[in-house]
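Welcome! Take a moment to look over the sequence and the 3D structure, and then we will walk through some of its features together.

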Amino acid sequence: MAAVDIDMPMETEALIHDEENLEREAEGFKEQGNAFYVKKDYSEAFNYYTKAIDASPKNASYYSNRAATLMMLCRFREALEDSQQAVRLDDCFMKGHLREGKCHLSLGNAMAASRCFQKVLELEPSNGQAQQEHKNAAAMLEYERMADFGFEKRDFRKVVYCMDRALALAAACQRFKILKAECLALLGRYPEAQSVASDILRMDSTNADALYVRGLCLYYEDCIDKAVQFFVQALRMAPDHEKARLACRNAKALKAKKEEGNQAFKDCSYDSAHQLYTEALTIDPNNIKTNAKLYCNRATAGAKLKKLEQAIEDCTSAIKLDDTYIKAYMRRAQCYMDMEQYEDAVRDYEKVYQTEKTKEHKHLLKHAQLELKKSKRKDYYKVLGIGKTATDDEIKKAYRKRALMHHPDRHSSATPEVQKDEEKKFKEVGEAFTILSDPKKKMRYDNGHDLEDDCGYGGGDFDANNIFRAFFGGQGQGGGGGGYNFESNQQNAGPGNFFFQFG
């Protein structure tokens, strides 16, 4: 049977002709796009693939090619849309599914990526690229699981490690970047955390998560007013942002409680200040810098309340939180000085002076070193049982009391061991009186000079009995040669007895 020619309307022929022209034009644009892609001029390649799509909007390969270009430009969300359009046009288009999976993976959507790679493997079971990417998606899911577990256990270093590994597979995932930045902030690595958050905000200034992390860094650096501004801004962008709301509330509460404690301290209400600082410390255990200051403030209040051991513990807690906190070292050193723990005080002042070589710190270190040197000598004030500000009369009274207490004649009937011990104490009392009753020797002793030669101690020339006889005016001839009759003293112990008077 002979073929029958069909006459078509002229309009239809023209339309078909136009479509053929558009397809040829589109292919031309695609070829030009391919040429620019090979040259790595991805912006121009994008422009020509876009022209190809405009000319032939139902060609799946054009969308796929543009998706590849967008991926090279790190515009993964746009690339995802193009690759999804490609597979909508052709469900068996393997490259489209593969690129969609890669976009999902780069954006951190591991489950969606796995489904895409699985589709590719159904179309081509031996596709090595799909097999590897499928493994990468599984690895990303495992890193996410480990990170979630680590965050729950407050193992923030583990989370950072997992997020670094995940980001190596998903460089465009802001969710991973935010989690990493938050954990860096919680670890006190504020510059790193701020850098990540700032990078995100440069691309998207309304990103509530990045605003929250930026505020968190400021909050943990004790810039509470600025931190609150960022938290408020994050809540404007995302009113349901629970972490920003909690951080904002904690920041305001911490600032108010700390200021209340500071005011109480200024008003000399040290008990109240101590309690308010204690309450402030319970608000947010994660705020290392502010809590370090609160511990130091509480130590200052504790020192005013004479709770020196507790004040030292508070300073130590502050230093554990921030080992660069000079004020805490200074406060602890002063507490050590007050407790006469001079070696510990010297250690802290040395740390301070190594960090900040000021005249004040040098003076404090020298003073502590002097007190340490003095503490290693015999403490004549303790020997007489008096304070370092004792008057001449108080020194004489103390000598009289201790000399009579330890005089050998008083212990003549004791055991040889007791006699030897009391004789030693009697001699020490005489040494102490010799030094502290002489203004020049006392001044040199107080200034840390070695005065053993001044009193003859250690050279065999010092005689405590001579001091005793001189002090009591040579009265009596006790058996020890001390010039004091203990038996008659016991019988005549009235307040008017000559032997109880001072010269």
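## A pair of phenylalanine rings

Let's start with phenylalanine 156, which is buried because its relative accessibility is 8%, below the 20% cut-off. Keep in mind as you explore that this is a predicted model.

How many aromatic pairs does a search of the whole structure find? The search turns up 13. In one of them, phenylalanine 36 and tyrosine 48 are stacked, with 5.5 Å from centre to centre and 15° between the planes. This pair links distant parts of the chain: phenylalanine 36 belongs to helix α1 (residues 10-38) and tyrosine 48 to helix α2 (residues 42-55), twelve residues apart. Phenylalanine 36 is partly exposed, at 22% relative accessible area, while tyrosine 48 is buried, at 15%.

Phenylalanine 156 has a ring partner too: phenylalanine 151 and phenylalanine 156 form an edge-to-face pair, 5.7 Å centre to centre with 65° between the planes. Phenylalanine 151 is partly exposed, with a relative accessibility of 25%.

## A ring cluster, and charges over rings

Which residues do ring pairs link into a cluster? They are Tyr190, Tyr212, Tyr219, Tyr220 and Phe231.

Arginine 75 lies over the face of phenylalanine 46, 4.9 Å from the ring centre. Likewise, arginine 377 has its charged end over the ring of tyrosine 445, at 3.8 Å from the centre of that ring.

Now turn to helix α18 (residues 342-355) and helix α19 (residues 359-375), which pack at an angle of about 160° with their axes 9 Å apart. Are they roughly parallel or roughly antiparallel? That angle makes α18 roughly antiparallel to α19, because angles over 145 degrees count that way. Their crossing is left-handed. On the α18 side, residues making the contact include Tyr342, Val346, Tyr349 and Tyr353. On the α19 side, they include His361, Leu364, Leu365, Ala368 and Leu372.

Threonine 355 is found in helix α18 as well. Its relative accessible area is 45%, so threonine 355 counts as partly exposed. The C-alpha atoms of threonine 355 and isoleucine 326 are separated by 8.1 Å, although these residues are 29 apart along the chain.

## Two helices running alongside

For another pair of helices, look at α5 (residues 94-106) and α7 (residues 128-152). Their axes come within 11 Å and cross at roughly 25°. That makes α5 roughly parallel to α7, because the angle is under 35 degrees. The crossing of α5 and α7 is left-handed. Leu98, Lys102 and Leu105 of α5 make the contact, together with Gln129, Ala130, Glu133, Asn136, Ala137 and Met140 of α7.

## A buried lysine

Our last stop is lysine 258, found in helix α13 (residues 242-266). Is lysine 258 buried or exposed? Its relative accessibility is 16%, so lysine 258 counts as buried.

What is lysine 258 in contact with, leaving aside its neighbours within four places in sequence? The residues are Asp222, Tyr277, Lys293, Leu294 and Asn297.

Methods: Residues numbered from 1 in each chain as written. Predicted model: local features only at pLDDT ≥ 70, side-chain atom pairs only at ≥ 80, totals over all residues. Heavy atoms only, no water. Helix = DSSP H or I, 4+ residues; strand = E, 2+ residues; numbered from the N terminus. Buried < 20%, exposed > 50% of the residue type's maximum accessible area, 1.4 Å probe, protein only. Contact = heavy atoms within 4.5 Å. Phe/Tyr/Trp six-rings, centres within 6.5 Å; stacked < 30°, edge-to-face > 60°. Lys NZ or Arg CZ within 6 Å of the ring centre and 35° of its normal. Axes fitted to C-alpha atoms, helices over the stretch in contact; angles between N-to-C directions. Parallel < 35°, antiparallel > 145°, perpendicular 65-115°, else oblique. Left-handed = near helix turned anticlockwise from the far one by under 90°.
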